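Hi everyone, thanks for coming. I'd like to walk you through one structure today, so please have a look at it before I start.

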Amino acid sequence: INLERLSLFSPKLFHDKLAKCGLTFFTGVPDSTFRHFISYGLSKKKIIISTREDEAIGIAVGMALSDSGSLVFMQNAGFANSLSTITSLVQLYKIPIIFLIGWRGFLKHDAPEHYKIGKIQPDLIKALQLPTKIISDENWEKNCSWAIKKIKNNQPCALVIKRDFYD
C-alpha cells in the first residue's frame, strides 16, 4: 500500500462525494477490491449486498426508476456475466446507473483466473460503447463528477478501479 495515496483518495471520500451528488444507495456483489468502500457504506446503511450482478442491476434499475441515483459495484468477471442485462435493459431503456467495476487481472501478480477477463475488459467495455473512466489518485473526484453528470442526463456509465488502487 502506498501511504501517499491515502491522502488523495479514500473509500470514505469517494462514498461521500457520490452521496452528496444524489446517490442514495449502492448495490453489488462484494469483492475485496471494494472492501473498504463496502464496509463504510454498510456502516452508513447505504449498501445493499446482492448475490449476483444481474440482481444488483435489477435493484439499481428500481432505484433509478424511483428517481434515486444508483451505483452497482462488481468485479470485472461479474461485469462480463452481466452483459446481456446491461445491453437489453440498462442501455436499451437508458437507465441512469453508474457501474463501479474492479479491474482484476491486468497485473502479472494477480490470480491466474483473472488474467483472461482482465485482458479483454477494455475491449468488452468498448464493444458496449459504455462511457467509461478509469479512476486514479489524481482524477477520482473529477471522474465522479463526470459520472454524476452522465446519469443526470439519463446515460449509464462506468468507473473502473484497478485492483491495486486502494486494496
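So, which residue lies over the face of Phe25? That's Lys46, at 5.5 Å from the ring centre. One thing to keep in mind while we look around: this is a predicted model. There's another case of a charge over a ring, too: the charged end of Lys133 sits over Trp146, 5.3 Å from the centre of that ring.

Okay, on to the inside. In soluble globular proteins, nonpolar side chains tend to be buried together. Here, the largest nonpolar core has 22 residues, and the ones touching the most other members are Phe14, Phe37, Leu71, Phe73, Ile98 and Leu100. Which elements give two or more residues to this core? They are helices 2, 3 and 8, plus strands 1, 3, 4 and 6. Helix 8 gives the most, with six residues. And there's a second, separate core of 20 residues, with Ala56, Ala64, Ile97 and Leu128 among them.

Let's zoom in on Leu71, which is found in strand 3. Is Leu71 buried or exposed? Its relative accessibility is 0%, so Leu71 counts as buried. If we skip residues up to four places away in sequence, Leu71 touches Leu18, Leu23, Phe25, Phe26, Thr27, Phe37, Ile98 and Leu100. You'll spot Ile98 in that list.

Now, the aromatics. How many aromatic pairs does a search of the whole structure find? Five. Take Phe34 and Phe73: the ring centres are 6.2 Å apart and the planes are at 65 degrees, so we call that pair edge-to-face. Phe34 is in the loop between strand 1 and helix 3, while Phe73 is in strand 3, so to speak a link between distant parts of the chain, 39 residues apart. Both Phe34 and Phe73 are buried.

Phe73 also pairs with Phe37. Why is that one edge-to-face? Because the planes of the two rings are at 80 degrees, with the centres 6.2 Å apart, and the cut-off for edge-to-face is over 60. This pair also links distant parts of the chain, with Phe37 in helix 3 and Phe73 in strand 3, 36 residues apart. Both of these residues, Phe37 and Phe73, are buried as well.

Note on methods: Residues numbered from 1 in each chain as written. Predicted model: local features only at pLDDT ≥ 70, side-chain atom pairs only at ≥ 80, totals over all residues. Heavy atoms only, no water. Core = buried A, V, L, I, M, F, W, Y, C linked by side-chain atoms within 4.5 Å. Buried < 20%, exposed > 50% of the residue type's maximum accessible area, 1.4 Å probe, protein only. Helix = DSSP H or I, 4+ residues; strand = E, 2+ residues; numbered from the N terminus. Contact = heavy atoms within 4.5 Å. Phe/Tyr/Trp six-rings, centres within 6.5 Å; stacked < 30°, edge-to-face > 60°. Lys NZ or Arg CZ within 6 Å of the ring centre and 35° of its normal.
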